[in-house]
Amino acid sequence: TTFKSPLEVFAKLEDCWGLGSGQSHFIRERQWEQQAAIFTASYKKYLDGEWNEGPLSMATFHFLLPSCITAMPADVKSPSGVACVLGVHWTGSHNFFLYSLNRTLKDKVDPEGVWPCAAPIAVSQLGCSSSFLVLACEDGVLTLWDLAGGFPLGVVALPEGCFCQSVHFLRYFLVHEGRNVYPEGPVKSQMKCVVLCTDASLHLVAAQGTQGPTSSVLVERPAKHLDEAICAVAPVPALPGMVLIFSRNGCVHLMDVAKPHIICAFAPPRSYRLVVPWTPVFVVSSHHPCFLLRGDHPDEIESTEDDKNIQNSVFYFNFEAYPLLENISRNCTVPQPDFTDNVVFSQGLPLEKRCASFLQKRQSSRSVAPPCSWGCLWVKARCGSFDAYLDY
């Protein structure tokens, strides 16, 4: 053609779609149709579904905060509370990869760290404040990591035939004077979570520093009534040690995992039906004692012209509205000094306070010193550079 540039082509032609490149050609709609026909004929067997594509590899990722494991380079400065590492694992992969988020376009794409597992990773879950990480493998083995402390809490195996479906972290709680309570202040290297398995059984996994993790069964798999199988689990942060259990038949139960036993049940009004098997849609408040549950459109109320587009309703459940739960959600936090006699919680105290508590117990058990005498005792630990001061 006589056109000197693609811009002249578009300037001369109207009502025409095309693509110009180079200096002297233009692709018309008829040519696009010819190319589409050639493509369809060449790949007809794939477009008609004759080619069976393998399963796609899905990526699961977590944003990790700076810690002893995900340490930042000395020359990199990152604001407090900002993620610095991306943890990723792919479907069917044995490895958990760590990628730095402080990269430039010129840097290599290789991971900074790789955590290999003995079996492909099926589920991964990051705990509150990015302090703990659980990697559940396809062989039913769970690896627990204390990211803040910088060491693994241990490895625990689910019972034979149980494979992890989902992991839900609980805010760490203790049983004090017969009731579940939260200790005030931070608790280090202490974690609890509930694990829902593919056979609808529910398990409680707990880890305490170097003592090693433990696993206990909360709900057995249903042997006869399959409609009672658990389909979803949600911790209730406002109630220590409590989780909501959603069953396929539409039942919602509140369970105390410390006992364990069912405390009460929740249900929408009878005029609202639930499709079985049920796929619940809900949300539990992180700061208030309540949760929201979606219900289907009422089948006993005739629809009108105004509500044809309404397919469901949302129900609000307030735990404090039930006399049985009113006292549980209130005064659920207890100061840490009240737990000094608790062996489990004492392991989470700083080493200075543990030494002071130990010496106080030893001194109170001896009667050689008069009650009115005063003195001081300095204790130096070989494993740390600190001094614990104790009056006696």
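Buried here means under 20% relative accessible area. The legends below describe close-up views of a predicted model.

**View 1. Phe266 and Phe291, two buried rings from separate strands.** Phe266 is buried, and Phe291 is buried as well. The ring centres of Phe266 and Phe291 are 5.4 Å apart and the planes stand at 80°, so this pair is edge-to-face. Strand β18 (residues 261-266) holds Phe266 and strand β20 (residues 290-296) holds Phe291, so the pair ties together parts 25 residues apart in sequence. Both rings belong to one aromatic cluster, along with Phe317, Phe319 and Tyr322.

**View 2. The largest nonpolar core, a set of 20 residues.** Leu244, Leu254, Phe266, Phe291 and Phe319 are the members that touch the most others. At least two residues of this core come from each of β15, β16, β17 (252-256), β18, β20 and β21 (312-318). Strand β16 gives the largest share, 3 residues.

**View 3. Phe246 and Phe282, one of the aromatic pairs.** Across the whole structure, 14 aromatic pairs are found. The pair of Phe246 and Phe282 is stacked, with 4.2 Å from centre to centre and 15° between the planes. Phe246 sits in strand β16 (residues 242-247) and Phe282 in strand β19 (residues 282-284); the pair links distant parts of the chain, 36 residues apart.

**View 4. Lys192 over two aromatic rings.** Lys192 lies over the face of Phe173, at 3.9 Å from the ring centre. Lys192 also lies over the face of Tyr172, where the distance to the ring centre is 5.2 Å.

**View 5. The largest pocket and its lining.** The largest pocket holds about 800 Å³ of space. Its lining is made up of 37 residues, and those nearest the pocket centre are Cys128, Phe169, Leu170, Arg171 and Tyr172. Two or more lining residues come from each of β5 (121-126), β9 (164-170), β11 (179-183), β12 (190-197) and β15 (230-235). Strand β9 provides the largest share of the lining, 4 residues. Sorted by class, the lining residues are 22 nonpolar, 12 polar and 3 charged.

View 6. Most residues other than glycine have a negative phi. Glu177 is located in the loop between β10 (174-176) and β11. Its relative accessibility is 71%, so Glu177 counts as exposed. Ser189 belongs to the loop between β11 and β12. With a relative accessibility of 15%, Ser189 counts as buried.

**View 7. The cis peptide bond from Lys259 to Pro260.** Most peptide bonds are trans. The bond from Lys259 to Pro260 is cis, and its omega is near -10°. Pro260 is part of the loop between β17 and β18.

Key:
Residues numbered from 1 in each chain as written. Predicted model: local features only at pLDDT ≥ 70, side-chain atom pairs only at ≥ 80, totals over all residues. Heavy atoms only, no water. Phe/Tyr/Trp six-rings, centres within 6.5 Å; stacked < 30°, edge-to-face > 60°. Buried < 20%, exposed > 50% of the residue type's maximum accessible area, 1.4 Å probe, protein only. Lys NZ or Arg CZ within 6 Å of the ring centre and 35° of its normal. 1 Å grid on protein atoms, 1.4 Å probe; cavity = no way out; pocket = protein on both sides within 12 Å on 5 of 7 lines; lining within 4 Å. Points joined across faces, edges and corners; volume = space filled by probe spheres on them. Nonpolar A, V, L, I, M, F, W, Y, C, P; charged D, E, K, R; others polar. Core = buried A, V, L, I, M, F, W, Y, C linked by side-chain atoms within 4.5 Å.
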